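Keep the sequence and the structure in view while reading.

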Amino acid sequence: MSNRLLVVAMVTALLVVAGATAADQEIHPDWMKADPASKTVWLRMVGAADGSNGTMNFNGYGKGEMTVTVPPGWRVKIDFENKGLAALPHSLVIINEIAPLPIEDGTAAFPRALTIRLVEGLLAGEKDSLEFVANKEGRFLFFCGVTGHGVAGMWDYLVVSKDATAPTVRVVARPGPARKEREN
Ligand SMILES: [Cu+2]
């Protein structure tokens with residue numbers, strides 16, 4: 001099997017696994033704030049927030065374990081920070097849901113829906129902010145553009161749906177004690 005085919009097979013397996021573990025629990029984390037009057041949602045997205053998925057996570061979730069849903073037309077403001085566990089660089093881009101996933105980089109599905117230094121990544125403690133209008137419906141991915149991170153599972157879902165009346169966050173329920181932000 002060629003390397004390319006192997007990567008395709010691995011990514012397909014990842015997507016199948018993710019599909020089997022749909023985000024089934026709504027949470028109200030302190031890292032999301034919604035303002036219906038201005039149709040604006042603010043998200044703090046932390047790369048490598050904890051050790052989940054070998055630190056390849058956003059806010060502790062990877063491989064599609066987290067789904068943020070917003071109504072169409074809402075403005076999405078994201079403050080991204082790399083917490084830097086394992087001393088790896090990380091970045092964030094909103095991409096279309098595609099298979100296979102890009103090995104690195106990624107094309108922003110909305111104008112300016114990406115951090116600086118997408119492939120190189122931001123180092124531990126570094127931050128960047130981005131902002132875009134969710135002007136089309138669909139399912140997209142929060143994706144880390146650093147080489148190999150996306151295919152290692154550093155991605156989650158962003159859904160833009162007219163069925164949503166307000167932003168929500170759903171995650172895969174995990175056994176064991178939940179962290180504080182998951183209990184809110
Ligand atoms: Cu990363």
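## The sheet

V68 stands opposite L158 in β9. The model is predicted: local features need pLDDT of at least 70, side-chain atom pairs count only at pLDDT 80 or more, and totals for chains, interfaces and linings use all residues. Residues are numbered from 1 along each chain as its sequence is written, and side-chain values use heavy atoms, leaving out hydrogens and water.

Strands β4 (residues 66-70) and β9 (residues 155-160) run parallel and are joined by four bridges. Helices (H or I, at least four residues) and strands (E, at least two) are DSSP runs, numbered from the N terminus; two strands pair if DSSP finds at least two bridges between them. In general, strands of a sheet pair through backbone hydrogen bonds, either parallel or antiparallel. Here six strands form an open sheet in the order β1-β10-β4-β9-β8-β6, with mixed pairing. Each of β1 (25-27) and β6 has a single partner strand, so these two stand at the edges, with one side left without a neighbour in the sheet.

## An edge residue

E26 belongs to strand β1. Its relative accessible area is 37%, so E26 is partly exposed (buried means under 20%, exposed over 50%, partly exposed in between, with a 1.4 Å probe and protein chains only). Leaving aside neighbours within four places in sequence, E26 is in contact (heavy atoms within 4.5 Å) with T168, V169 and R170. From E26 to V68 the C-alpha distance is 9.8 Å, while the two are 42 residues apart in sequence.

## Aromatic pairs

The whole structure holds four aromatic pairs. Rings of Phe, Tyr and Trp (its six-membered ring) pair if their centres lie within 6.5 Å; planes under 30 degrees apart count as stacked, over 60 as edge-to-face and the rest as tilted. F110 and F132 are stacked, with 4.9 Å from centre to centre and 20° between the planes. This pair links distant parts of the chain, 22 residues apart: F110 is in the loop between β6 (93-96) and β7 (127-133), and F132 is in strand β7. F110 is buried at 1% relative accessible area, and F132 is buried at 2%. The pair of W155 and Y157 is edge-to-face, because the planes are at 80°, with ring centres 5.3 Å apart.

## Charges over rings

K136 lies over the face of F110, 5.2 Å from the ring centre. R139 lies over the face of Y157, at 4.0 Å from the ring centre. A charge sits over a ring if NZ of Lys or CZ of Arg is within 6 Å of the ring centre and within 35 degrees of the ring normal.
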